Amino acid sequence: MTETMKAIAVEGGRGPAENLKAVEIARPVPGPGQILIKVEAAGVNRPDIAQRLGAYPPPPGAPDTLGLEVAGEVVVGAGRWKAGDKVCALLGGGGYAQYAVCDARHALPIPQGLSVLEAAALPETVFTVFANVFEHGSLKAGETLMVHGATSGIGTTAIQMAKAAGAKVIATGRGAGKAAQAKALGADVSVDVTTEDFAEVAKAQGGVDVILDMVGGDYFAKGLDSLKTGGRIVFIAAQGGGEISFPVFRLMMKRAVVTGSTLRPRDADEKARLAAAVEATVWPWIAAGKLKPQIDKVFPLAEAAAAHAYLEGGAHVGKVMLEAG
């Protein structure tokens with residue numbers, strides 16, 4: 001094991017996808033309670049794009065390099081992990097590299113039946129859905145979840161997790177093809193927003209209890225219209241616009257809750273708590289075949305620029321991944 005490693009850096013500190021370049025940097029050294037992972041695969045996520053553009057800086061102490069989830073082999077162990085163990089892990093950054101360090105409590109065993117590549121697609125996505133849909137959104141069996149952006153990595157995971165929990169799912173996406181793909185993943189109702197009004201469809205289905213919204217903008221008013229009394233809207237992004245008009249009296253009449261969160265800035269203890277909850281609840285769903293990561297396309301680590309361009313193009317269904325050679 002050398003003292004340096006290949007990683008992906010943003011040339012100039014920020015910029016378009018083509019600014020992602022392979023560089024040689026110092027291999028990270030794990031601190032107390034941390035493990036060192038030889039990365040075999042890493043997920044590409046929207047927050048990575050935001051960081052590349054300068055809009056989502058890493059939290060204090062996190063690497064400047066991109067990458068929030070990886071899977072691979074433990075090289076230096078800590079906590080429950082020893083050298084040779086295969087894990088997937090949630091990171092504060094640094095996943096686009098040959099080696100990564102993380103708090104030992106933020107790593108989970110690779111679920112039986114999944115490849116290392118599939119396991120690398122889990123942490124950022126599954127933690128986000130669990131925290132926002134099941135904790136902040138309080139989704140329960142028998143309720144209805146509406147998922148916007150249903151063919152994204154988050155969306156495909158949310159559909160499967162909600163169905164595993166016994167909920168009904170209404171999915172939305174742009175185009176008949178994406179609507180059909182969401183239906184194939186288990187959505188009970190799938191809406192092509194280019195030809196249908198999702199609020200009218202939702203109301204015809206009796207309304208929704210929870211909305212997972214990564215669009216924002218004019219989706220908010222329609223979402224509020226779709227809610228049952230006591231419903232919850234949970235924001236995890238705002239790709240359609242971060243500013244919304246807030247009809248207070250309609251919100252009061254619905255007794256609605258509007259909330260949202262980010263995952264990366266949470267402190268280490270909170271992420272450890274979340275990791276334990278995910279392992280206890282979601283890993284059995286994976287073992288039972290109720291949840292399987294949907295991987296759209298895989299790029300070599302050195303082609304991270306192409307992976308970002310592909311994700312930004314929006315044609316993907318599920319996750320875009322990097323393989324470290």
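What is the order of the six strands in the open sheet? I looked it up and found S10-S9-S8-S11-S12-S13, with parallel pairing. Strands pair if DSSP finds at least two bridges between them. Strands (E, at least two residues) and helices (H or I, at least four) are DSSP runs, numbered from the N terminus.

I noted that this is a predicted model, where local features need pLDDT of at least 70, side-chain atom pairs count only at pLDDT 80 or more, and totals for chains, interfaces and linings use all residues. Residues are numbered from 1 along each chain as its sequence is written, and side-chain values use heavy atoms, with hydrogens and water left out.

I checked the edges: S10 (189-192) and S13 (257-260) each pair on one side only. From one strand to the next, the twist averages 15 degrees. Angles run from 0 to 180 degrees between N-to-C directions, with axes fitted to C-alpha atoms, for helices over the stretch in contact.

I then followed S12 (residues 227-235), which runs parallel to S13 and is joined to it by four bridges. Arg-232 has Val-257 in S13 as its bridge partner.

**Helices on the sheet**

I saw that H7 (residues 219-226) packs on the sheet, touching S8, S9, S11, S12 and S13. Contact means heavy atoms within 4.5 Å. The direction of H7 makes about 145 degrees with that of S12. H5 (residues 176-184) lies across S9 and S10, at about 165 degrees to S10.

**Helix H3**

I found 12 of the 14 residues of H3 (123-136) buried, among them Pro-123 and Phe-134. Buried means under 20% relative accessible area (1.4 Å probe, protein chains only). Just after H3, Ser-138 takes a positive phi of about 55 degrees.

Methods:
Buried < 20%, exposed > 50% of the residue type's maximum accessible area, 1.4 Å probe, protein only.
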